[in-house]
Amino acid sequence: MSTAVTTWRHLLGIDGMSRGDIEGILDLTDTFAEVGRRSIPKVPALRGRTVASLFFEDSTRTRMSFETAAKRLSADIMTFTAGSSSLSKGESLRDTVEVIGSYGADAIVVRHAMAGTAHRLADWTDACVINAGDGCHEHPTQALLDCYTLRERRGDLDGMRIGIVGDIRNSRVARSNILAFSLLGAEVVLVAPPTLLPPSIDGWPVTVSHDLDAVLPGLDACYLLRMQRERINEGLVPSLREYATDYGMDARRGGLLAADAVILHPGPTNPGVELTTEVATDPRSVILDQVSNGVSVRMAVLFMLLGSGMDLAPDQSGADQGVDG
Amino acid sequence: MSLVLRGGTVVDSQGERILDVEIGDDGRISSVGNDLSGDINLDASGCVVAPGFVDLHVHLREPGQEDAETIQTGSRGGALGGYTVLVAMPNTEPVTDCAAVVEQVRNLGAAALCEIVPTAAMTVGRLGVDMAPMGELVDMGVGIFTDDGTGVQDPRLMRRIMEYSTGLTARLGRPVVLAQHCEVSALSDGGYMHEGDWSSRLGIPGQPAEAEELMVMRDIALVRLTGAHMHFQHLSTASSVAMVRGAKAAGLPVTAEATTHHFSLTDAACASYDPVFKVHPPLRTDDDVAAVRKGLADGTIDAIATDHAPHTDHSKEQSFDSAPPGMLGLETAFSLALEESGLDLPDILALMSWRPAAIAGLGDRHGTPVVAGNHANLCVIDPDETWTVSGRAMASPSSNTPYEGRTLRGRVRHTISAGEPVVVDGEARR
């Protein structure tokens, strides 16, 4: 497997990245995690740079995580509340992006309900585009923070067996994580009813099971996906109750997992659906670590794309990380 | 003034021969022979002189979306593509579902560079609820009815339309053609590309092939019940082609078309996330492309159509779900047929000219053999000339060609529409 670190202009997805690319970002993340532990968790690395956040789809967590990351790097933040403002007036996506570019954004963090929108934006702007979730396609910074969290807890993903449970069909988190976990040497098993699996997984580096109880004892990590209530209306599962019964993580199922296994969830959770509160607070659960690591990973990504050649921390020895990428 | 096409090889339904073709003031072929000379002589040496092309499926956007295309610009693109008649779809704004809009399209078409044949919607407003005034429209000469852009979802209504249409045969002078856009929307809604390996990987919600196939299956059953003539628009899946093949073998009155993009592109193109590749029915798999080509070769599919669907740059510069489906087709169709269909030139001409002319009831003046007395609707094509596709260079105000930058073989040199040289040396004359 290639360990070459590619020079990236955008972060659009895990698709196309190498193991070396991912490991490079995770190594860089260590540095920023350290910054986050300081009494004043802020460095001037991106002073004078502008990060625009362009969220066409509501997201409190990802947006706050990116904005916190940018602030800790001393970047200026420009917020575009897309909602339905100018787009509902008939402005094209391209117009919107060109306007943001003309305000001087150096990076655009974009979230959109449709797959591929970040890729389209990248064709139309000189700014770095960071995909903060495109429809059911990818959510690369989520996958990076998940890998970072797993590495923090277990040292290495190589040889791990990771179960991803739930609505894989509609999940950008699952698509990015399947790619990232596999690149880092983990084995991935998808656990879901057929209606929550993608129409085709030919060629995907995964195995599939519809029996969570049978899968749990062999797992090193169990990744629970958020179950949206809308899936019930779409007829993909009969009820949240039946979903919770068959695919929810409760204390009994927690007992089937190894003592050193890791339980992850991208948040926000639906208590009693994907997992019970008891499981969420289990010592094996890293859900809050995921949130704090999210800021560090996003600092690393912003720095990687925007901060090439800049001093990482004038008062610290962080500038020797070899981050020209 | 007489016009002579000199030195070309005539290829029509009667075969192939080297002939000069003389066209008189009445818009008809006055004579064919050797060493003819007229007031105007157009060089056709090294070229094929063929009956003009007939496109059964074109969106001219007028009335309603004149920023994307007009009847004038669409007809110019058609003439540049070798077409002498375009069958205009009724999904205009307002919908072509009544005498007034048909009349408007005809009036606008009178000044076009090729003949414009309006179709009308099968249901009022293309809403799939109430039958359009088919009798009144037939009395105006409308011979093709379609809700194109959507299929008629309700099987009971579809049955009634089919039954009703069979009673209009005598008034039209031939059977009414019902053209169906086969798509069960309950299965396709919320999908923006073909559902399969690529959609799963790209995270773009898909439309399963079965959305098309279920309606093909239903309509074949209803043809058996009612005896109506059903024309299947833009067949795109292997099973659809197989079902139409079976229906024809059973002697049912069905015909079918395939578009140039459905035999030249696959769903892999959507990996760019560029909605220029978004179209309904969606681009399918390699296996489907192979089945469409086989259907063209064995006669299952009667016509190559374009489903020419102009959309402004503005409307395509959106996310994949928001952009409207459709692509330009008129100026690339012949080259794609030549390069991608796997068919010989005479078969291509049959599929692009006289067979669709017969379906549309235009066989008296389009697709007719190149002999004295026939209407002069002709195109002169150079099968060897190569050219590079540019959406901006096309006649349409829109530029949504999925073949941008591709070098293609085969180009239209001249087009003669009702005796008038509307395209000369690859340039539209008006």
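**Figure 1. Contact between chain A and chain B in the predicted model.** Chain B contributes 17 residues to this contact and chain A contributes 21 residues. On the side of chain B that touches chain A, helix H7 (residues 197-202) of chain B gives the most, with 4 residues. By class, that side of chain B holds 5 nonpolar, 8 polar and 4 charged residues.

**Figure 2. The two domains of chain B.** Domain 1 of chain B is made of two stretches, 3-48 and 374-428, and domain 2 covers 52-359. The C-alpha centres of domain 1 of chain B and domain 2 of chain B are 26 Å apart. Their contact draws 30 residues from domain 1 of chain B and 41 residues from domain 2 of chain B. On the domain 1 side, strand E16 (378-388), strand E17 (407-417) and strand E18 (420-424) of chain B supply at least two residues each. The largest share of that side comes from E17(B), with 7 residues. The side of domain 1 of chain B that touches domain 2 of chain B comprises 17 nonpolar, 11 polar and 2 charged residues.

**Figure 3. The largest nonpolar core.** This core has 133 residues, and those that touch the most other members are Val21(B), Val49(B), Leu86(B), Phe145(B) and Leu178(B). Helix H13 (residues 345-359) of chain B supplies the largest share of the core, 8 residues. In soluble globular proteins, nonpolar side chains tend to be buried together.

**Figure 4. Surroundings of Val49(B).** Which residues are in contact with Val49(B), leaving aside its neighbours within four places in sequence? Val49(B) is in contact with Leu5(B), Gly8(B), Thr9(B), Val10(B), Val21(B) and Ala44(B), and also with Val370(B), Leu378(B) and Val380(B). Val21(B), one of these contacts, is listed together with Val49(B) among the residues that touch the most other members of the largest nonpolar core.

**Figure 5. A parallel sheet of 3 strands in chain B, with helix H1.** The sheet is open, and its strands come in the order E6-E7-E8 (chain B). Strand E6 (53-58) and strand E8 (115-118) of chain B are at the edges with a single partner strand each, so one side of each has no neighbour in the sheet. From one strand to the next, the twist averages 20 degrees. Strand E7 (residues 83-88) of chain B is joined to E8(B) by 4 bridges, and the two run parallel. Leu86(B) has Ile116(B) in E8(B) as its bridge partner. H1(B) packs on this sheet and touches E6, E7 and E8 of chain B, with its direction at about 135 degrees to that of E7(B).

**Figure 6. Burial of helix H1 of chain B.** Helix H1 (residues 71-80) of chain B is mostly covered, with 9 of its 10 residues buried. The buried residues in H1(B) include Ile71(B), Arg76(B) and Leu80(B), along with Gly74(B), Gly77(B) and Gly78(B). Thr73(B), Ser75(B) and Ala79(B) are buried too. After H1(B) comes Gly82(B), which has a positive phi, near 90 degrees.

**Figure 7. A parallel sheet of 4 strands in chain A.** The strands of this open sheet lie in the order E2-E1-E3-E4 (chain A). Where are the edges of the sheet? They are at strand E2 (76-81) and strand E4 (128-134) of chain A; each has a single partner strand, so one side of each is left without a neighbour in the sheet. The average twist from one strand to the next is 15 degrees. Strand E1 (residues 50-55) of chain A pairs with E2(A) in the parallel sense over 6 bridges.

**Figure 8. Strand E8 of chain A and its partners.** Strand E8 (residues 221-224) of chain A is covered on both faces. Ala221(A) and Tyr223(A) are buried on one side, and Cys222(A) and Leu224(A) are buried on the other. E8(A) runs parallel to strand E5 (residues 161-165) of chain A, to which 4 bridges join it. E8(A) also runs parallel to strand E9 (residues 262-264) of chain A, through 3 bridges. Tyr223(A) is the bridge partner of Ile164(A), and Tyr223(A) stands opposite Leu264(A) in E9(A).

Notes: Residues numbered from 1 in each chain as written. Chains lettered and ligands numbered in written order. Predicted model: local features only at pLDDT ≥ 70, side-chain atom pairs only at ≥ 80, totals over all residues. Core = buried A, V, L, I, M, F, W, Y, C linked by C-beta atoms within 7 Å. Buried ≥ 20, exposed ≤ 12 C-beta atoms within 10 Å, placed from the backbone. Contact = placed C-beta atoms within 7 Å. Nonpolar A, V, L, I, M, F, W, Y, C, P; charged D, E, K, R; others polar. Pairing = 2+ DSSP bridges. Axes fitted to C-alpha atoms, helices over the stretch in contact; angles between N-to-C directions. Domains from an automatic or database assignment.
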